[in-house]
Amino acid sequence: MAQVTLKNVAKVYDKKIRAVEDVNIQITDGEFLVFVGPSGCGKSTTLRMIAGLEEISEGTISIGDHVVNDVHPKDRDIAMVFQNYALYPHMTVYKNMAFGLMLRKLPREKIDKLVRDAAKLLDIAHLLDRKPKALSGGQRQRVALGRAIVREPAVFLFDEPLSNLDAKLRATTRTELKKLHARLKTTTIYVTHDQIEAMTLGDRIVVMSDGRVQQIDTPLNVYKRPANRFVGAFVGATPMNFLEGILESADGRFFFVAGETARIALPAEFSSALADHIGNTLSLGFRPSAMREASPADPQDERITLRTILVEPLGKNADVSCEFPDGTHVLARIDAREDFPVNADVQFTLEMKHVHIFEPGEFGANLVHPPADILAPAAV
Amino acid sequence: MPNPPTPTRVKPSTLAKTLGRAVIVALLVLLALTFIFPFVWQILISLSALTDVDLLTQTGFPPALQPENFITIFQRVDLARYFFNSFFIAGWVTILQVITCSMAAYAFSRIQWPGRDKVFLLYLATLMVPAVVLMVPNFVVVLKLGMFDDYSGLILPSAFSAYGTFLLRQFMLTVPSSLDEAAAIDGASHWRIFTTIMLPLARPGIIVMAIFAFLFNYNSFFWPLIITKTANLRVLPVGLLQFESSYGQETPLIMAGSLLAMLPPIIIFLVLQKYLVKGIQLGAVKG
Amino acid sequence: MIGSKKKRVAIAMMFLLPNLIGFLIFTAGPIFFSLYMSLTDWALTKHNEFSTEPIRFVGMQNYQRLLVGDESVFFWDYLGNTIFLMIGIPISIAGSLALALLINAKATPQAPRIRIRAGVIALVIGAIVTFFAWLATTPGPLPDPASPLLEMSAEVGLTDKSLFEVARLRSISFTLITAVFSLVIALGLIVGSVFFRTVYYLPSLLASVPMFLFWKTLYRPRGGLINAVLDPALDTIQTIITSTPRFLWYALGIALWTAAIIWAFRLMRSGINKLVHKDAGAAAFIGRTALVLTMLITAYGVGAVLVQAPQQSMLRSGFTSLDRSQTQTIADSLAAEFPTADTAELNLIARNTDGSSPDDAARFFATALPDDALPRTRTIARAQAKPLHDGLTSGDGLTSPEWLLSPSWAKTALVVMGIWTAIGGANMLLYLAGLANIPPELYEAADIDGASGWQRFVHVTWPQLAPTTFFIVVMSVIAGVQGGFEQAMVMTEGKADTITLSYYLYNIGFSDRFELGLACAIAWVMFAMIFVLTIFNFRVGNQLTND
Ligand SMILES: Nc1ncnc2c1ncn2[C@@H]1O[C@H](COP(=O)(O)OP(=O)(O)O)[C@@H](O)[C@H]1O
Ligand SMILES: [Mg+2]
């Protein structure tokens with residue numbers, strides 16, 4: 001068991017392509033940490049540096065108490081599961097799992113026991129004599145997993161291990177992975193581009209974009225308190241809606257003014273965080289679930305009026321595609337009802353405690369609900 | 001209701017189709033016969049008595065079969081020796097080429113080292129240089145190294161093949177790199193990865209390369225001709241030609257020897273043709 | 001990626017070194033060494049352990065000798081021979097494509113059960129036919145002493161026994177042919193394309209000395225299989241020609257010419273259109289022109305045969321090769337004519353040119369004579385050789401060529417053999433792979449568009465195969481420029497005007513003169529030709545595959 005520390009880690013390819021920039025993470029012993037981000041953002045590169053498959057261009061990585069920058073992968077006490085599983089096609093399942101142990105010169109009986117135990121744990125004992133070619137995708141995935149766990153390493157590394165499975169299998173395997181981790185309690189670093197996977201699996205999530213870490217936090221915090229506009233947009237089952245506008249103040253109250261289309265009164269709690277930004281262009285972000293149909297009791301200046309285009313009933317809820325007069329698209333998730341008007345102007349209310357205001361730009365910081373560790377006691 | 005459009009093109013009738021296929025099969029068979037009959041003819045000559053060859057040409061069959069020719073040829077000329085030499089030389093060249101080329105291919109496909117791509121480019125560039133350009137300087141090199149008229153002069157110059165290295169490198173590149181990464185994490189050294197992962201996985205490529213190397217060297221004529229003078233070192237092509245130029249009229253014996261010399265390639269091809277066909281096609285796609 | 005940089009270099013070197021050392025000594029090094037040698041007068045006869053004479057740097061002298069100097073008479077002639085042999089390349093490529101298309105048509109049954117059933121039926125029918133073939137042709141156990149056949153045989157001086165024997169052997173041969181025929185059909189049906197692919201491929205696998213020795217016997221003017229088949233065939237043709245009206249042959253020949261001209265015109269018109277509209281570049285246009293010219297020349301030749309057929313006149317003119325006594329006569333008369341010449345050398349040349357064509361011999365004799373003696377030498381040599389009587393000629397009907405013995409047919413013989421060996425070889429396999437890679441949707445789309453079989457070929461198959469064809473052409477040209485040595489060495493010993501550039505290199509470097517510097521220069525000239533041709537091929541290839 002071990003903790004993993006990344007200090008100012010960067011990766012430079014071919015002396016000019018900076019694929020990963022200044023990553024600092026402290027992974028505690030037994031933690032399940034998930035790297036998530038769009039494809040090409042540098043997740044795999046980071047993971048492969050931890051594994052020792054890529055040279056570390058800058059910074060240091062430690063596993064346990066040792067800096068491992070110059071340590072050969074085999075001596076880092078890690079195991080890795082690859083996206084394509086990387087099973088040796090010419091070896092049986094048994095040999096695939098035993099290979100690493102054989103190279104470590106464990107006694108025959110010990111190897112046999114470890115392999116069979118792991119196989120039983122993963123329910124692949126009946127496949128041990130087959131070659132990878134004769135396995136289904138899910139079975140291969142389990143064998144790859146088995147090959148990793150027999151080694152009883154200090155750290156598990158996963159690089160998109162589920163992305164070659166179909167949707168249903170992916171869901172069940174996800175649960176099993178979680179259970180497995182609860183049972184083995186091995187430090188695990190997991191890379192995925194799928195934010196649902198990240199949310200469900202991780203103790204903490206590292207959101208990356210363009211080679212940089214955007215936020216490190218628990219799944220709930222990342223969801224509720226996205227550090228910046230990118231994280232807000234990336235994390236969550238339905239994408240955040242954004243409105244571009246200017247912050248104005250009148251009568252001691254703040255208003256978010258999006259041109260002609262909306263003028264939204266902001267709650268008093270935001271005031272201290274926004275005081276320095278009056279007159280600035282900002283973006284207002286809110287999830288579809290932060291909207292509901294306006295009731296007469298709601299104050300007029302917390303409502304927005306949208307034209308409904310399409311209703312998609314989801315059961316308890318319904319997703320409503322709407323547009324502002326200027327064409328800005330907004331998705332609302334509301335309580336389902338039969339006779340919801342389509343092609344009509346409808347008033348919605350925003351739940352202000354779920355509304356975020358970001359500085360301009362793709363990575364504009366969250367001003368009103370920043371992550372706790374940056375602005376600890378303030379806000380809400 | 002408008003009528004559905006009537007089809008303008010009618011599918012050819014099954015009869016026409018069958019007829020067309022019959023014509024194609026007939027062509028295939030006739031062509032096959034143009035390749036097979038000459039060899040049947042060669043077998044007939046090799047089974048005839050020398051005095052019967054004229055009659056054979058008139059009638060198409062010898063009056064008496066004389067399979068002893070296949071034994072006589074071994075007595076008249078040191079065919080056993082030529083066979084041994086051909087197999088010995090082609091065999092050693094093949095073994096050495098497999099070793100040197102697969103190792104080099106591994107270095108070119110699996111290890112990162114500065115200058116790697118430049119050196120590989122140099123290998124590629126030499127592939128464009130025709131063999132005749134190398135003939136004379138290699139002759140001098142062999143002369144100077146004291147390998148003239150010696151097995152080493154026949155084996156060593158062919159033991160390193162730029163083409164084989166290229167072929168195997170291309171083949172190894174198709175093996176996913178995550179496999180050797182997995183092996184590295186499992187604790188395997190480069191040598192270990194090479195022997196237990198790469199060699200087994202590149203086996204089809206290595207077999208192709210080995211067949212090419214063997215057949216090419218088994219058939220090779222120019223180089224053995226200029227690099228040997230002792231009769232003991234003659235390979236099959238050189239030995240057979242020597243026999244023919246001294247006993248040109250003994251057609252049945254010559255044909256028997258030539259048939260025997262053709263047997264190994266035929267057997268190799270029939271047994272391994274799956275690999276060979278793939279290999280020829282692979283070389284082109286990648287080349 | 002794995003391990004420190006220093007260690008990686010060390011490991012990489014360990015893997016690479018065995019190969020790299022050999023590569024440097026026997027491949028990379030020799031290339032530069034060869035270039036240097038080609039600029040020296042290095043000759044083993046001058047520079048060896050018995051002499052201390054230094055190797056002199058002579059600059060471009062070797063190249064000059066080859067291209068314009070004393071060696072140029074040989075060089076250009078041998079270059080011509082090399083190019084002649086390369087005529088086989090386009091023919092065999094087209095043949096390879098045709099074979100691949102035939103195999104790829106999957107005309108034999110595909111389902112395993114039908115395959116076996118059809119094969120067994122073919123086998124049974126074949127066995128029955130073979131049996132009846134034997135029954136119908138066998139002369140029977142006892143020749144009837146009263147048979148008119150026996151009288152006839154007595155007239156031509158044959159004993160009854162030998163006549164009977166001939167009939168018996170013919171019968172066996174006929175039966176054997178029938179049996180092989182049936183077997184091939186049955187195997188083709190059972191095994192399918194793989195059988196045909198294997199049979200077609202085998203000759204190319206065996207293209208080495210043993211097979212050339214075999215073809216040498218096939219080509220024997222008398223007693224060789226080819227002329228044994230050709231003689232009766234030519235007789236038949238002769239009969240047909242003499243028994244049909246003369247104008248028919250004229251008409252056929254002229255029709256062929258007309259068709260060729262029309263087709264050439266159309267091809268060139270579309271070529272010019274493409275050039276004008278920048279659909280294709282100049283190199284593609286040159287390539288097209290070359291193809292059209294080849295076609296016109298071929299059509300002219302065939303048409304000429306047809307038009308002249310009724311006159312039974314000559315198809316080719318030339319000389320028989322010289323025999324030993326004739327070359328000696330030439331040497332003697334030259335010695336008489338040029339008193340300054342070294343008689344011993346002339347006699348040596350006379351011995352070496354046994355079997356050469358008169359023109360070849362003349363060139364060799366001229367090397368021992370004053371500079372301007374070549375024309376006179378040629379006249380003397382030609383006077384010795386018998387003119388004509390050479391293949392498909394002669395006044396009393398068509399006769400088979402003398403093939404390898406005849407300077408005007410030997411190269412053709414080599415080309416024919418080359419096509420026979422190469423047509424089903426690697427090129428066919430490459431085309432098969434190319435055909436298998438054409439997406440079937442393309443054919444379906446073409447079908448929907450209403451394309452005929454020929455249009456499918458022109459608009460789908462051929463363009464899709466362009467990269468394959470390109471690769472094949474490049475490789476064939478590279479091999480072609482270097483080719484011809486083994487065949488000529490085995491089958492003609494370089495006589496009958498069959499020496500190619502590679503054979504020339506052998507002669508200069510390793511056979512009689514050991515002039516290594518000059519030999520290297522020949523190699524580099526060949527390399528230059530390959531280089532230029534390959535670049536040209538690349539340009540055409542780029543233009544065609546980019547359409
Ligand atoms: N070997 C390499 N050479 C150059 N650039 C690379 C290499 N490997 C990855 N990259 C670049 O680094 C960036 C991050 O890649 P990666 O870590 O694989 O992304 P992902 O987050 O999808 O796993 C990408 O832009 C990719 O193009
Ligand atoms: Mg990745």
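A: The answer below treats the cavities in order of volume.

This is a predicted model, in which local features need pLDDT of at least 70 and side-chain atom pairs count only at pLDDT 80 or more, while totals for chains, interfaces and linings use all residues. Residues are numbered from 1 along each chain as its sequence is written, chains are lettered from A and ligands numbered from 1 in the order in which they are written, and side-chain values use heavy atoms, with hydrogens and water left out.

Rolling a probe the size of a water molecule over the atoms shows where empty space is left. A cavity is a set of points, on a 1 Å grid over the protein atoms alone, where a 1.4 Å probe fits but cannot get out; its lining residues have an atom within 4 Å of a point. Grid points are joined across faces, edges and corners, and the volume is the space filled by probe spheres set on the points. Four cavities of 30 Å³ or more are found in the structure.

Helices (H or I, at least four residues) and strands (E, at least two) are DSSP runs, numbered from the N terminus. With four residues, H5(A) makes the greatest contribution. Sorted by class, the lining has eight nonpolar, three polar and one charged residues. Here Ala, Val, Leu, Ile, Met, Phe, Trp, Tyr, Cys and Pro count as nonpolar, Asp, Glu, Lys and Arg as charged, and the others, Gly among them, as polar.

The second largest cavity has a volume of about 60 Å³. Chain A lines it with A:Ala79, A:Met80, A:Phe82, A:Arg147, A:Ala148 and A:Arg151, and chain B with B:Ala182, B:Ile185 and B:Asp186. Strand E6 (78-81) and H4 of chain A, together with helix H9 (177-186) of chain B, each supply at least two residues of this lining. H9(B) gives the most, with three residues. In this lining six residues are nonpolar, none is polar and three are charged.

Definitions and conventions
On a 1 Å grid over the protein atoms alone, a cavity is a set of points where a 1.4 Å probe fits but cannot get out, and a pocket is an open set with protein on both sides within 12 Å along at least five of seven lines; lining residues have an atom within 4 Å of a point.
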